[in-house]
Amino acid sequence: MTFETTIPYLVFGVLALVAVASAVAMLISKDAVNSALFLVLNFATVGVIYLTLGAPFIALSQIAVYAGAIMVLFLFVIMLLGGEKFKPAIPRRSHIIFAGVLGAVFLLELILAYFVRYGNMTVPAVQAPGYGSPTALGMELFSKYALPFELTSLILLSALIGAIILTRDSKKEISSGETESPVEDENAS
Amino acid sequence: MVPVDYYLILSAIIFSLGVIGVLLRSNALVVFMSLELMLNAANLVLITYAAYYRVLSGQLIVFFVMIVAAAEVAVGLALLVAIFRAKKSVDVDQMSSLKG
């Protein structure tokens, strides 16, 4: 194995290590804010792995949508609810062992199922030039997948309306007749 | 290039960590983050097979998964805020009743 062929393995190894370590750190950190920040690191690392798989557009939307928008929403809600001040509930020892065993069994099952079903697919993932470029993706999206793309706008609209209705303070609105009730500072009390 | 196996096993490991997070943590916000971790692991499989078979459909499914995940996070966090208002807690052990 020459040095040139080792480089992709090195890159993948480092990325995989960071991804798994940040996922574990997310699980074991006591503070919800720390968990969210480790998850951002994990999402960014997986985004770079997408880049090595020839998906630059998806990699950048992963960073923009997941690590950007979704995690900002998470951090916003954690701080709105005062999540950093919650005393962390220490799980029971039997609980930890049980969850660990179940997770390990699940992982084993996934890997076994894969190897039994497909053997080892060691064929390298070679990229054709222009594969996964925004142009190619856009052509596919707006020709073959135009209807699903339009339907996603409906999903986003329903999520928008649902989020507004769920967080609306209904009691206050009926009593005072206000159309817009300011968000209460819940953690002040 | 790195074989496809490696990516799939990495994805399996991340997915299992997400499962452990859902089982272990009692903070509903962290449970929710573990769900996102699992979605992300599934996306990694889709991207890997898209690269393996050199078809773009896999990448587009990931694009749609991202959109649905964003919608899911918005509604889920709104539910958490509503639950916090009612119960003053986001501990999943406290959420044992369906009504109020």
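Domain bounds are those of an automatic or database domain assignment. On this basis chain A comprises domain 1 (1–87) and domain 2 (131–167). The structure is a predicted model, in which local features need pLDDT of at least 70 and side-chain atom pairs count only at pLDDT 80 or more, whereas totals for chains, interfaces and linings use all residues. Residues are numbered from 1 along each chain as its sequence is written, chains are lettered from A and ligands numbered from 1 in the order in which they are written, and side-chain values use heavy atoms, with hydrogens and water left out.

Chain A contains 7 helices and 0 strands, where helices (H or I, at least four residues) and strands (E, at least two) are DSSP runs numbered from the N terminus. The order of elements from the N terminus is accordingly α-α-α-α-α-α-α. Of the 189 residues in chain A, 30% are buried, that is, under 20% relative accessible area with a 1.4 Å probe, protein chains only. With contact defined as heavy atoms within 4.5 Å, 55% of the contacts in chain A between residues at least 6 apart in sequence join residues at least 24 apart.

Within chain A, the centres of domain 1 and domain 2, taken over C-alpha atoms, are separated by 23 Å. Contact between these domains involves 5 residues of domain 1 and 4 residues of domain 2. The two domains bury about 310 Å² between them, with 73% on carbon and sulfur atoms; buried area is the accessible area (1.4 Å probe) lost by two parts on being put together, summed over both. A:Gly54, A:Pro56 and A:Phe57 supply 84% of the area that domain 1 buries against domain 2, more than any other three residues.

The interface between chain A and chain B brings 84 residues of chain A into contact with 70 residues of chain B. The area buried between these chains is about 7300 Å², and carbon and sulfur atoms give 77% of this area. On the side of chain A that touches chain B, the elements giving two or more residues are helix 1 (3–28), helix 2 (32–52), helix 3 (56–80), helix 4 (93–118), helix 5 (134–143) and helix 6 (146–167). The residues of this side divide into 63 nonpolar, 15 polar and 6 charged, with Ala, Val, Leu, Ile, Met, Phe, Trp, Tyr, Cys and Pro counted as nonpolar, Asp, Glu, Lys and Arg as charged, and the others, Gly among them, as polar. Across the interface of chain A and chain B, 0 salt bridges are found (a side-chain nitrogen of Lys or Arg within 4 Å of a carboxyl oxygen of Asp or Glu).

Terms used: Buried means under 20% relative accessible area, exposed over 50%, partly exposed in between (1.4 Å probe, protein chains only).
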